[in-house]
Structures are given as structure tokens and as C-alpha cells.
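The following paragraphs lead through selected parts of a two-chain structure. Please keep the sequence and the coordinates at hand while reading.

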Amino acid sequence: MPKRTDIKKILLIGAGPIVIGQACEFDYSGTQACKALREEGFEIVLVNSNPATIMTDPEIAPHTYLEPLTVDFLELIIEKERPDAILPTLGGQTGLNLAVELWERGILEKYKVELLGAKYDVIKKAEDRKKFKESCLKVGLDLPKSSFAYNMEEAEAAVKDIGFPCIIRSSFTLGGIGGSIVYSQEEFEAKARRGIESSMIHEILIEESIEGWKEYELEVMRDRKDNVVIVCSIENLDPMGIHTGDSITVAPAQTLTDREYQQMRDQALKLIREIGVETGGSNIQFAVNPQNGRMVVIEMNPRVSRSSALASKATGFPIAKFAAKLAVGYSLDEIRNDITRETPASFEPVIDYCVIKIPRFTFEKFPEAKDVLGVQMKSVGETMAIGRTFKEALQKGLRGLEIHHTGFDNAMDYRIVADEKMLLRLREPNASRIFYIKYALQKGMTVDELERITRIDRWFLAHMKQLVDFEREMIVEVELSRTLAPRTLRKAKEWGFSDPQLAEIMDCSESAVRDLRKQHGIVATFKGVDTCAAEFEAYTPYFYSTYETEDEAVLRNQKIDREVKTPRRKIVILGGGPNRIGQGIEFDYCCCHAAFALRERGYETIMVNSNPETVSTDYDTSDRLYFEPLTFEDVMNILDIEKPDGVIVQFGGQTPLNLARRLCQAGAPIIGTSVDSIDVAENRERFAQLLNQLGIAQPRNATASSVAQVVAAALQVGYPVLVRPSYVLGGRAMRIVYDEESLLGFIDEVSDVSRGHPILIDKFLEDAMEVDVDAICDGKDVYVAGVMEHIENAGIHSGDSACVLPPHTLSESVIAEIKDYTCRLALALKVVGLLNIQFAVKGDKIYVLEVNPRASRTVPFVSKAIGAPLAKIAARIMVGEKLSSFSLPDIDHLGQVAVKECVLPFSRFSGVDIILGPEMKSTGEVMGLAPTFGAAFAKSQFAANQGLPRKGSVFISVNEHDKRNIAFMAKRLHDLGFKIFATKGTAKVLRSSGVASSILDKTGEGDNNILAMLQKNGIELVINTPSGKTSQSDMRKIRAAAIMHNIPCITTLQGAWAAVHGIESTLKEGFTVGSLQAYYQKMSKA
Amino acid sequence: MKDALLCLEDGTSFRGTALSTSGEAAGEAVFNTALSGYQEVLTDPSYAGQIVVMTYPLIGNYGVNFEDMESDRVHVRGFVVKEFCREHSNFRATESLVSYLDRHQIIAIEGVDTRALTRHLRVAGAMKAMISTTDLDPVSLKAKLALVPSMEGADWVRTVACQKAHIYKAVAKKMFKVVVIDCGIKLNILREMAALGIESYVVPPTTSAAEILAQQADGIFLSNGPGDPAALPYIVKTVRELIGKLPIFGICLGHQMLGLALGGRTYKLKFGHHGCNHPVKDLESGRIGITSQNHGFCVDLKSLDKSQIEASHINLNDQTVEGLRHKKYPLFSVQYHPEAAPGPNDAKYLFTQFIQLMEKYKKDHA
């Protein structure tokens, strides 16, 4: 069935900002889909509010809307663009939900827009629990047993069939009491009774517990001719009960016999047909009882997912690209497999390696939250590793996580881990359980015991035990002969031991291990990822390292050398590794741009990264892809065989930057800003010297080690001070302290983090405005690309504050001075490439807070706001082009205002207060683009899913400091028609300024308190600024309640002001939508 | 651990370590790309005389069990893997793969760069190979290999087929009786047919057409089996005599013999099809099935009389013939394995088609 010709224009919905559970995998899938559909000649209209995505680059689609992903905005876009169809299955759950809402509100019918990929009733059938169950039963699939009960007799009858353990959930309870697990009859009676009583409709759901069962996933594709293939099977190392996004998973499935695997496959085929997913990819999850093999269906996602991105990277089969082609009418046999070129896409990939995915957590950012894992996803990123064996893949994956582990290593001495703690950490799933398994094995726990305690399949545990046993053998060998025999060394490398791990075992340096093994010819070899286990020739160079006999990357280089007379110059781009808070999609965006730009300029681009979610690890993005951990050893292995002309370290965030010095010392040709300049910017003393020379101010600061010194230094610098340990794990523990008491408390808290490293003390500039600048320098000229004024005052991490470009309150002279400082700093640091500077402006005095001679988080935002691809330009500068050869936009006359707003993950971490501070907590960002600040800000709020109200009630409670400024704002809100509620103190201030408000208690019984008002949706907006020293617990409850009820809660005065502007603009002007392309066109004419 | 060497006919060699069984094993080296199903592969009689290289590197993960045997013994001549799993996990497992192979005294080598080996076989083609635990000199092994007979022209069927006729009963009610010419049949074919109400009367491949017809069966099944179909003129002759007399269904070697009996030719594929992911298109329905395959030889469509015989299925990877149908006589055959084991169940419908063919024949000749 060839391509459909009755549709021409297709609207593609992106997934919006990066949040936990929905990350850059949807940029990868959406970008692939866009490219695939454009290739087929369709006109694409793309909507996504996330500026850090590749898909929103103006070259990817002809009509790109950086607009909020809400039904109202989508309707405006549909009305304007009149697409023939919508493809919602590539934009995650956001895309699917919007499609459902558009359909339900009759908008699709009104504008005659067809749903591609999954129809409305298909989405409903897959997502509605009841309908899904019916469908499964209809085609004979087993599900966990479950039954509703309305009284104890029914409950007793139900549990007879279901058995123990079971889960009791009561329906419609106040406060949403979760399910509870029941192990025995006695327990059951009490809990069932309580459940029935607490349910408003006296209903409980009794469910069979399948916690601890083996969990599997299949990635399935179907075309319009009803051909179905399984792209990949995935087995979870962590059993049922832990969200699959938080589980370590492997591909392919390991512990199913062919008979069981085929049974699972048959069920998947039946299910996708019954649900009726017409075209595209779906993900189906199964659980298997390890005792008897009973197989039950858990759920199905009728769209591409995080797992499908993983499956694509794990096999080389581009699910999203093919899903897009299937959606417009092609069948699987009509699509070629890009990798083999000869064979069609209607096959099932096979692999000849083992793939592991390990989630990356950032619990250290939320110390109040427990790092215990369960059914709600909490990880913020993941790394994938490929090895010829599970052992190798596991070790590569663990070092690829970049959490200071060099593999399945000994970061902590197992002898000092208390048995009780170890048992608890084994039993209760948590972010570092895998390392506790190692301690347990080292302490002599058996695989049987571990299997019983962790319920992790013995297959995985036995491999881990092999690693522990072999490590012990190596230690003995070193004790006897002071070194390792070549044969042992080779086996160690084959089993994934890193050089640092071996250095520890051999008690020598990492470089000594490296030299020794090279001397014995033990070097990494590279193998291809080709969808077919080498059955056919692969044309796509996608490699991973292992220790084998044949090196396909070297063979390929030799072939190119033979065939090509003038080989292209090679540039290696080091990626950012797993996403984490503070280092995410923005850096991947920059890496992709470097690859695109240099490829266009005729270079051979080589990408190194370990993050399966990204566009950078799409085999199409660069000329060569190495899916490898970003460690010195792994990167050097690649540089050894590729011998590149340049290595780019400034685009992948802190990860490659941290490697820069060692790579440089090892002779790697790092291009762009020199490693020495990076050091000047990062070394406090050298940096202070430089600023002194240039006559540029920075806040007073000091470095001190002992407690007495720190206290003295703080006094000298003057409170309030910003303090942090100089050596911090994951950017942890930065705080503003206002007095000695809190300073001492801080020192106490971080003593184990900083472990003897000094503490850095900076004067904290209260009420200062923060400004971010992105610039490009070629060593001679400087282009200041964006001056961003933060909405929130200094003291809130730049990644967590909203910002506006161009600045809306800064005076021209301040802006001019900032630009001047930027140019002087760039030239003094001899920057070649990108540069980001953070300034604080207090009054008209300007201070430099930080200089980062690398790509920053705001590069994609600025690029889109001004219409110039900064990362691409910077990459070209780094290979020797000059700024003067580019025509760059005049940023003083943009004609539009762009607002960046961040998105925070608070709802995922119960017990965590939502206030912002100097430590970054946001996971993603959105952009609002409009002619005025108010409209742009309002759009950014809608995009960040905290839409501003048009009418209703506002609750205000501010700290002492903010009280003097609140009255005017409250009056404005009052004049706009809002009813004002306030706490006693705030109300008093308002009254004295002539603003009427009703008083609400912070706590207490009855209706006259804020919590009750929030509960019954009586408040549309909360403005609450926490007091400086400690956040009061009452206020904390209010903020938590606002988050729970999805009511926008603003915690800074500046944020509140921006919101008032936004509301005003919404009420007066309404909204218009426009594409980036139209905006740039207008700009170039102006 | 004992060292072992795998040496190919062209002198290429790979080092590894052996399991318990010592000695030398020679055969044709072929690679299999299935991710699961090693037990079925090991016991599939079609692999007689072959050294099987598994491209998936972790083999033995789920142990072995009683139910998934495709015959009563291991048929592969030698087994090559990257890593054997020593601690398996599966609720049905009764034994580890390593102990099973040791018990059956199979010479196996692990630690081999099986991907390099596969790439070599893909380019150079399937060839003779030897695994040795006693002689680790590639030159000497190469010399020994020169004396090993080639797969082409050799009759391997005699070594694996049954010696005596026997019955494989239908599950539940017997609806049909089929004479199975056993050239090394996989048990799952018999299981699948039995599940559909077919009683199989399994006869040795030397059974004459007259003896077969004397069974008064509803149909004839030509089984899979090892080796070169051109080396089996005695069976081809029998098949030729049976054409048109009763409905016939052939699988794999059975398909090739039918091709030969219909006057066609077979040829050797460069490295064969051995795996579970080959896309096959049913030319009648247009549907694509993912199929289980295991063959080194192939029927040449051009050699057949187009007016009589048509291709019913093709392989979408390399366009080779995957199925034949006679325009006049009630017979059809497929090159791949609808019984799977290992592999997907997408082609199970062919057994139903066989039953429909027998039903129609019965009605037409009632």
C-alpha cells in the first residue's frame, strides 16, 4: 500500500517540556518523524513548547510553533494552518492526551482533521482500565485477578479466588489513600472493612499482587496491511513493583525459553490487533510468575515511548521513523531497512550483544525525599551500555551513569556497611540497591539468599557473583605475583572491568594499567550495531566497544583509506551522558548542532554518547556513532583508533569538560577554547586575578577550610553569604545563610560531602537582579547573542528562574556595560566558541558571578529567540571560521519578546518544599513568544502547565521583606477583578494601603482557612514568598496543597509581578499564535 | 579450563575454551541468529553434520527442559558460542545446558568472537570447520579438514531418520491419517499435526511409494531433514511416484525434494538461512509472516515448469522461493518451518491449509 495522497498537511504534536517520565526521547521520535514525513513530501506543522528540542529547529519543519501545548492554543494553530491530519502518537502521553481532548471537544470534527496512528476509540481502549481488561479477556489473555466488592461478604468471596498476597484499593477516598498490600486472612478482614468504610461509595478493588514477578516489555509495530513485528524484547532486572522507567532493564529478554517468548509474542500480536492500533509502534508490558511461568498482561501504550527509543538504540531499528511512514500509508515491506539497505523493515531485529539500561536518579537534590523506588517514576535520566556479555554491559553501564562509580566497583568498603542497613537496602528497592548487592556478595551472601530478599532473578545475581568472585581471584593473584597475567587482564577487560577498577585491584595508577594492557595487546575493539547480528552487510556505522578479536571500526577506516583519495577531516563530539538535573537536553541539542554544522561543512563527524533518549545517539545525526560511556578510558579508546583532527568538549555540559584536561594531556586535539582558559574560569584564584586585571567587580568571596576559618571568612565577606563545598557531588549543597547559626548548621551537614575539601563563601547580593549572557567569540571578535534578564532575583539558580529576552527593565547603559564586560572577558579568556556569563545587577553596579567558556543551558532558547543557530556557528568557529563571515541578527531590534520558564518536578517527591534556591531543581523548560512581555510571560506559564487565571480569587501571603511592595500589586489584581484573600499580617499591610482583602487562617478547622479553600478549589492563584531564614511549616503545607491541586503557586515577588503583567495582557489582548518562520521573516524585513 | 581451537577450511581460526568433552569434531559451519531456542536447535535433526555458531552471545540462560526437545538426542556436530551460562534460570529447567552438552558428549567451544566468525562466513560462505581440544595447530587442523567430505552430495538423512515405521497419535479425536516420510523430522511438526487431529504414520525414507499408498492415508507429509536434497534420489523417486495420488505437504528438505520430484533443480545458498526472523510473503494473501528458517539449499524456481507450478511464498530479504504450489495436483510445500520451535508461530496456518486440502480431496474423491 503506497503513501496516501489524500492528505498533504500534517500537524505533529511534540511532548513539551522535559519532566520526569517524559524526556528527550520524544524529541528523538518527533524529529525522526518530521524528517521522515518531509522526505515523503508532506507539509509539516509542528507544535512544541520546548525550545531545547531539535524538532523545534526552524529547518526541521516549515511551520514551527513554539506555543503552549494546550487545547486552546492548538485550536488557534489548527484554525490558522488547517492541517488535514494530526499525528499524536509521537509526542508521548502529552500528545495522546491532547488528541483525545481535541476529539472530545469536537475541534477535530469542526476543522475536518483526521487522527493518524491511533484513532480516538483505540486510545480509549488501550488506556481505559476497564475497556483494556475487556479487550484482553476477549482474546484470551490473562490479567492479574481483580474484583470489586461493596460489602464484607463480597470481599471474602473475592479474596478466596484471588488469594494472598493481594492489594486492597478503596475507591473515591478523601485524600487519596493508596493501595495496601495484604498477606493474611486476619489482616484482610481489618483492611477490607476499613477500605469499604473509607470509600465514599463503599467500594474496594481487590487485586492479585504480582509484586516480585518478572517484568517484560515488547516493542510491537503494525501496519495497515495487518503485518506485525516485534522490534525488541526487554527484561527488567528489577521485578514488578518498580516503575519500568526506574528499573534496570536488559535487551533482549534473557530468561524466557523460546516457547515462552513465542507465547508472549503471540499474545502481543493478538492484543495490538484487538485494541486496533492501526499503524505504528506500541509497547506492551507483561509479568511472569517465576514459580510457574504464568504470564499476565500489565498494560499497553498505543504510541512510541521511552522504551521504544531504547529499543531503537538497542537494535538500530528506527521505530519512530517507521511509525511515521506507516501512519501515512506505507506497509512494513515497502520500507527499507536503512542499515542493511537490502532488506525490508518487515522483519524482527536480532542482536549479538547484550544491552543494559540503568536509570539515573537525583535524590541528592531533594534531601527530604526518600530514595525508595515504587510504582511512580522518579529517575530523571538513563544511560545505556552495550557489551558482548551481560557482565561487560553492566560494568559499562554503571560507569556510564557518571555517579562516581567506575563499574560494579568498590566505591564503599563493604566491611563498613552494617548488616542491618545492607538488608534494608536490599529489601527495599532504592537507587543504590545494585551496589548493596555487591556488598552482600562480598560479605558472602549466596545467590539464593539474595534472590529471596531482592526478588531479582538469579540469572542477574549469578553474573554479579561471577564478577565478585573473579575480582577476589584477581586480588589474590596480585598478592602473589604483584601484577596480573595477560590472560587474567584480558578476561577482566572482557568482563567489563575498567582501568580504574583494575588500578585499584593492582594498587597502581590508571595509566599504568592502560600501559600494561596495551603492552600485551589488550585493546578495545569496536563492533557494529546492525539489526541483524551480522547476517547482512551494515552500511550505518554505529559502534560499541568490547574486547574481541576483530575491530569493525578499524576495518571500516582502512576501507575508506583505500577508497577515498582525500579523506575528510574528522571531528569527535563528546556528548553529555545521562540526563540529570542541570545537564539535559540543552546540551544534547548543542552536540547535535555541532554534528549537523560540521557535516555540512564537509567534516566527518563522530559522536560519543551513552544516552539512549537523545537525538545525538540517532545514527543519522553524525557520520559515526560510538555508544559508549563518557569516561577517560572509553573516550581514549575511540581517539586511539579514530585519530581525529579535533575533539569538541564544550557542548556536552560538564561531563566532557571534566575530561578535557586529561584528554589534552594525553594528546587529544581539543579544539575551541583552550583547557587552560577553562581552568582560569573555574579556578577561583585565577579568575579573581583576571577580573582584577580587567577592573570588573565580583561579589566579595573567600575560601576556608576549618570551621573557625569559615566563620571568620563569612564575617569578613559579610552576611548573607552563599556557601558551598568546593568539591560537590552533583552540584549539591549550595545555600544562602543569613547568620552564624545557620552557617554552622550548614558546615555540619556538608562535612561528609566535602570530606576535607574547603568551603567556598561568596557574598550574597540581596535584591540583586540576575542577568545571563550567551556569546560567541572567535578569539578576535565577540558576538553577544542574548542578554537575558531573570525574573527572579539573584539567589535562585539560573536554571530555575524564568528569564526574558530582551531585558525588559534594564537600562540601556547597564545593557551596554554588560555587553562590554562580556566582550572583554571573552577576549581575555581567548574564547573560541561559546561563552556564558552570569551577572548580578544591584542598583547600577554590575558584578560577574560566573563565566562558563562552554555551551550553556540557554543556547537553544537564545538561538530560537533571535533566529540564529548559535551552536552551529560556534562549532564552525571552532574549526577555524571567523565571526565576520556570518550574518548575525541585531539583537537590539527583535520585535518580539521571548520568555523562558522552567518546569519543576516537585509533585514527584512528596515531602519536598517547592521553594526555589541556589540549587537547581528543574527538569525542563518552555518558551513563550509574543509581541509583549505580558503575553510572552502568560504563554510561558500556560506552557509550563501553570496557566494564569482570568478571574477568581488570589491568595496572598508574603514575608516581611516583601510586604512593602505587595500592596500595589494586590491593587492591580483587585482592579482586574480578582477577589483578594490574605493572611492576617499581609491583609493588614494591604488594608493600610487601601486594598480590601478577606482574611484566611493558615491552618485550623472549618472553612475559613487556606487549606480548606484550596481543597474546594476556591483559590485560583497563590502568591506566597517564604521568609528568608527558614520556611515555615504552615506555609510549606499551603504550597504543597497548591501543587497537589494544580493551582499555580508563585514563591517570589518578581514572579508575582510577571504574573500580573501576564494576566493583564491575557485579559486585554488575548492570544495570537505565530510560527517561528513567520517571526524570523518579519525580523529580517525590519 | 581447556583450550580449544576452531579452524575453518580456509585456514581462519578462532581460539576459545572447551567444555568437558575432548576430541575433534568436523562439519559444515553455519551460523544461527535466533535469540532463544538453542535447545531446539541442538536437537533438530536437520543440523546433523553441522557445526552451529550461535550469533547471540549468551547461550544457556534458561537451561534445558524435557518438553522442548526436537528429537531424542543432540544432532549438531559441534557448538560454538561466545559465553555459556552456568547458572540458568527458568521454572521449567531441569538441567544446565553445559551439563546437558557434557552428558551428550558434544564438543563445544566458547569464548569465540562469534561475530567475527559470522562476518567471515557471510562473506566467504558456509564451509567445513573443525573444533579440536587436542590439536591446537591451525595448519594441522586445516590439513585434516581437507579430508572431511563436503556437505554437498552427501546423504545425511540415513543417519537421522527412523529405521522402523511408528505411529504418532492425534491429540483428542483422530480426524486424518497422514503418512510422514521421515528424513529427520522435528517433533514439533508431529505435535502440531497431532493437535489438529492428525495421526501420523511415520515411515523410514526408504519406504516405497506402494507401501505408502497401501496405508490408505488421507495425505502425505514430507519432513525436514539434513543435508543436500540432490543426494537423495531414492526419496525423490518415491515422491515423484506419489505426486497426484494424495495431498502432499512438505517442509524444508521435504519442500526441496518435492521441487526435485517436480523436475526442478536445487542449489546451495552462500551461507543459508538459519534463524527466526526472516520475512516471508504469502503471495496469495499478501501477508508477511516472520518465519523460522534452517536451510542451506534452495529450489531454483526457474528450473520448474511455470505452467504447472507456482511460487506461493517468497523471502523478502533475498527474494528466494519459500513455497511452491501445484496448479493441478493437491500439493504444496514451504522452505521454512511453520512448526517454529524455535521461532514465531506466524505460519501455523499452513497446517490448517494442509487439513483443508485433505478435506477437499476427500470430498472430491468420495
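A residue is called buried if 20 or more other C-beta atoms lie within 10 Å of its own, exposed if 12 or fewer do, and partly exposed in between, with C-beta atoms placed from the backbone. Helices (H or I, at least four residues) and strands (E, at least two) are DSSP runs numbered from the N terminus. The model is predicted: local features need pLDDT of at least 70 and side-chain atom pairs count only at pLDDT 80 or more, while totals for chains, interfaces and linings use all residues. Residues are numbered from 1 along each chain as its sequence is written, and chains are lettered from A and ligands numbered from 1 in the order in which they are written.

Consider strand 32 of chain A, which spans residues 897-903. Seven of its seven residues are buried. In a regular strand the side chains alternate between the two faces of the sheet. On one side of strand 32 of chain A stand A:Val897, A:Val899, A:Glu901 and A:Val903, on the other A:Ala898, A:Lys900 and A:Cys902, and both faces are covered. Two strands pair if DSSP finds at least two bridges between them. Strand 32 of chain A is joined in the antiparallel sense to strand 29 (residues 803-805) of chain A by three bridges, and to strand 33 (residues 924-930) of chain A, also antiparallel, by seven bridges. A:Ala898 stands opposite A:Leu805 and opposite A:Leu929 in strand 33 of chain A.

Two loop residues of chain A may be set side by side. A:Ala855 lies in the loop between strand 31 (845-852) and helix 29 (859-866) of chain A. A:Ala855 is buried because 31 other C-beta atoms lie within 10 Å. Residues are in contact if their C-beta atoms, placed from the backbone, lie within 7 Å. Leaving aside residues up to four places away in sequence, A:Ala855 touches A:Phe587, A:Cys590, A:Gln650, A:Phe651, A:Leu834 and A:Ala871. A:Cys591 is 264 residues from A:Ala855 in sequence, yet the two are 9.3 Å apart in space, C-alpha to C-alpha. A:Ser706, in the loop between strand 23 (701-704) and helix 26 (707-717) of chain A, counts as exposed because it has 11 C-beta neighbours inside 10 Å. A:Ser706 and A:His757 are separated by 51 residues in sequence and by 9.7 Å between C-alpha atoms.

Helix 24 (residues 675-682) and helix 25 (residues 684-694) of chain A pack at an angle of about 90°, with their axes 5 Å apart; axes are lines fitted to C-alpha atoms, for helices over the stretch in contact, and angles run from 0 to 180 degrees between N-to-C directions. Helix 24 of chain A is therefore roughly perpendicular to helix 25 of chain A, a term for angles of 65 to 115 degrees, whereas angles under 35 count as roughly parallel, over 145 as roughly antiparallel and the rest as oblique. A:Asp679, A:Val680 and A:Ala681 in helix 24 of chain A meet A:Arg686, A:Phe687 and A:Leu690 in helix 25 of chain A.

The final topic is the contact between the chains. Here 40 residues of chain B are in contact with 44 residues of chain A. Helix 3, strand 15 (265-282) and strand 16 (288-300) of chain B are the elements that give two or more residues to the side of chain B that touches chain A.

Note on methods:
Contact = placed C-beta atoms within 7 Å.
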